[in-house]
Amino acid sequence: MKFTEEQYEKIIDSWNTSLTYDKATKFVIDYVNSLNSSNYEAALALANSLTRERAREQYVEKEKRYVWYSKKNNVHGKPVRLFKDAGQAVRSFPANRSDMVTQDEHLTESEIREWGYDPERFDKEEVE
């Protein structure tokens, strides 16, 4: 079983909220139990800062990326498309669906939520 990005974050939070190794381990194991999973080894590898990066590649599902188009058109009759700027902020610009899409427009749902956008207000097209 792989963990979702959200579950991964909760494992890290569980680990970081404790002052002792024993309590941190118990928090992580309790969280894994709450998921009806027994993947304790993977969860503890994710929690441990020394093994976290490699474990993340193995045990965390990669979040799907999409190109996000507004469901409504702007005053000029074009939908708004989201992109990530040089400062890593998610912004929008007017664009046709036929316009060329760049890597900066391949965004996860978590990324757009983080910047205050509501995914329900956008159509999305999955990209690889």
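Trainee: Which residue is the bridge partner of N73 in strand 2?

Mentor: N73 has P79 as its bridge partner in strand 2. Please keep in mind that this is a predicted model. The two strands concerned are strand 1, residues 65-73, and strand 2, residues 79-84, and they pair in the antiparallel sense over 2 bridges.

Trainee: In what order do the strands form the sheet?

Mentor: The order is 3-2-1-4, with 4 strands in an open sheet and antiparallel pairing. Strand 3 (90-94) and strand 4 (122-127) are the edge strands, since each of them pairs on one side only. From one strand to the next, the twist averages 30 degrees.

Trainee: Let us turn to charged side chains. How many salt bridges does a search of the whole structure find?

Mentor: The search finds 7 salt bridges. To read one, look for a side-chain nitrogen of Lys or Arg within 4 Å of a carboxyl oxygen of Asp or Glu. One of them joins E111 and R65, at 3.1 Å from N to O. This pair links distant parts of the chain, as E111 is in helix 5 (residues 109-114) and R65 is in strand 1, 46 residues apart.

Trainee: With which other residue does E111 form a salt bridge, and how far apart are the closest N and O atoms?

Mentor: The partner is K84, with the closest N and O atoms 2.5 Å apart. Here too distant parts of the chain are linked: K84 is in strand 2, 27 residues from E111 in helix 5.

Trainee: Are E111 and K84 buried or exposed?

Mentor: Both are buried. E111 has a relative accessible area of 14%, and it counts as buried because the cut-off is under 20%. R65, at 33%, is partly exposed.

Trainee: Where do R113 and E109 lie?

Mentor: Both lie in helix 5, 4 residues apart, which is about one turn of the helix. Salt bridges that share partners, by contrast, join R65, K84 and E111 into one network. R113 and E109 form a salt bridge of their own, with closest N and O atoms 2.9 Å apart. R113 is partly exposed at 47% relative accessibility, and E109 is partly exposed at 26%.

Note on methods
Residues are numbered from 1 along each chain as its sequence is written. This is a predicted model: local features need pLDDT of at least 70, side-chain atom pairs count only at pLDDT 80 or more; totals for chains, interfaces and linings use all residues. Side-chain values use heavy atoms; hydrogens and water are left out. Two strands pair if DSSP finds at least two bridges between them. Axes are lines fitted to C-alpha atoms, for helices over the stretch in contact, and angles run from 0 to 180 degrees between N-to-C directions. Buried means under 20% relative accessible area, exposed over 50%, partly exposed in between (1.4 Å probe, protein chains only).
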